[in-house]
Amino acid sequence: MQSDAKIRTEYGTDSSPQSPGCSLRHFACEQNLLSRPDGSASFLQGVAEKSRERLIRNTCEAVVLGALHPRTSITIVLQVISDAGSLMACCLNATCMALVDAGVPMQALFCGVTCALDSDGTLVLDPTAKQEKEARAVLTFALDSVDQKLLMSTTKGLYSNAELQQCLAAAQAASQHVFRFYRESLQRRYSKS
C-alpha cells in the first residue's frame, strides 16, 4: 500500500438500544483498504456461501441505481477473517460501506441486523456465535435507511409469526443505531480529508 494511502478505523460508541438483553456490540470500520479497487471497506461487528452471496446480491440490486450506469459491472469481494456471530449482518454492513466508499449511487443505504431467539423466547440482538449455536431461531434482516423497509431476510430455526414480527421491529429499531454509526464514520472520514 502506498504511504499516502489513508486508512481510517472508526469505532462505534453507545451503539446499542437501551433494552436489557437487546444490545449491539461495538462496530469498527476501515475504508479505502485496498489500493486498486474504487472502493473497499472492512466492517467488524464484535470480535452457506452461495446462498449468502445470492442474498447479498439481491439486497444490492434492490438499492443500487444500476440504470445510471448501464453495461457496468460491480464486483463485491467479501473475505471472512473471523466469525464472532451475526456474520450475515456483518457481511451486509461491509458491503454497504464498500459501495459508499466506491461512490456507487444508491437509492438508500442498507444494513444488516441479526436477532436470535433462545429456548424460552428471549430476543437477543447481534448474537455471538455461541448465542447463535444455542438459539432456537436466528433471523437476519437487511433494512433500508429511508423507511427501514425490509429488503431481505434469512431465517434458521423455529419461531412463531408473533416472534418474527417482534424480531423485525427490534431489527428496525437497531438499524437506526447502525445508520447513525455509518453517518458518524463518514463524517469523521471526510472532515479529516
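# Notebook: salt bridges, a sheet and its helices

**Entry 1. Arginine 180 and its partner.** I started at arginine 180, which is partly exposed because its relative accessibility is 30%, between the limits of 20% and 50%. The model I am reading is a predicted one. I then looked up what arginine 180 meets. Glutamate 184 forms a salt bridge with arginine 180, and the closest N and O atoms lie 3.9 Å apart. That distance passes because the cut-off for a salt bridge is 4 Å. Glutamate 184 is also partly exposed, at 27% relative accessibility. Both residues sit in helix H4, four residues apart, so about one helical turn separates them.

**Entry 2. Other salt bridges.** How many salt bridges does the structure hold? I noted five. One of them joins the side chains of arginine 57 and glutamate 61, at 2.8 Å from N to O. This pair belongs to helix H1, residues 49-63. Arginine 57 and glutamate 61 are four residues apart there, so the separation is about one helical turn. For exposure, I wrote down 56% for arginine 57, which counts as exposed. Glutamate 61 has 48% and counts as partly exposed.

**Entry 3. A bridge between helices.** Next I checked arginine 189. Its side chain meets that of aspartate 101 in a salt bridge, at 2.2 Å from N to O. Which parts of the chain does this pair link? Arginine 189 is in helix H4 and aspartate 101 is in helix H2, 88 residues apart, so I filed the pair as one that links distant parts of the chain. Are the two residues buried or exposed? Arginine 189 and aspartate 101 are both buried. For aspartate 101 I have the value: 11% relative accessibility. I also listed the contacts of aspartate 101, leaving out residues up to four places away in sequence. They are Gln31, Asn32, Asp38, Gly39, Ser40 and Arg189.

**Entry 4. Whole protein.** I stepped back to the overall layout. The protein has four helices and seven strands. Along the sequence the pattern reads β-β-β-α-α-β-β-α-β-β-α. Of its 193 residues, 45% count as buried. The accessible surface is about 10800 Å², and carbon and sulfur atoms account for 51% of it.

**Entry 5. The sheet.** What is the strand order in the open sheet? I read it as E5-E4-E6-E7, four strands with antiparallel pairing. The edges are strand E5 (123-125) and strand E7 (150-157), each of which pairs on one side only. From one strand to the next, the twist averages 20 degrees.

I went through the pairings. Strand E4, residues 110-117, is joined to E5 by three bridges, and the two run antiparallel. In this pairing, cysteine 115 stands opposite leucine 125 of E5.

**Entry 6. Helices on the sheet.** Which strands does helix H2 touch? Helix H2 (residues 87-102) packs on the sheet and touches E4, strand E6 (137-144) and E7. Its direction makes about 170 degrees with that of E4. Helix H4 (residues 161-191) packs on the sheet as well, touching E4, E5, E6 and E7. Here the angle with the direction of E4 is about 140 degrees.

**Entry 7. E6 and E7.** I returned to the other end of the sheet. Seven bridges join E6 to E7, and these strands run antiparallel. Alanine 137 has glycine 157 of E7 as its bridge partner. E6 and E7 form a hairpin with five residues between the strands. What phi does glutamine 148 take in that hairpin? It is positive, near 55 degrees.

**Entry 8. Aromatic rings.** Last, I looked for aromatic pairs. The count is one. The rings are those of phenylalanine 179 and tyrosine 182, with centres 5.8 Å apart and planes at 75 degrees. Why is the pair edge-to-face? The angle of 75 degrees is over 60, so the pair falls in that class. Phenylalanine 179 and tyrosine 182 are three residues apart in helix H4, so about one helical turn separates them. Phenylalanine 179 is buried, at 3% relative accessible area. Tyrosine 182 is buried too, at 1%.

Note on methods. Residues numbered from 1 in each chain as written. Predicted model: local features only at pLDDT ≥ 70, side-chain atom pairs only at ≥ 80, totals over all residues. Heavy atoms only, no water. Pairing = 2+ DSSP bridges. Axes fitted to C-alpha atoms, helices over the stretch in contact; angles between N-to-C directions. Contact = heavy atoms within 4.5 Å. Phe/Tyr/Trp six-rings, centres within 6.5 Å; stacked < 30°, edge-to-face > 60°. Buried < 20%, exposed > 50% of the residue type's maximum accessible area, 1.4 Å probe, protein only. Areas by Shrake-Rupley, 256 points an atom, 1.4 Å probe, with all protein chains shown as cover.
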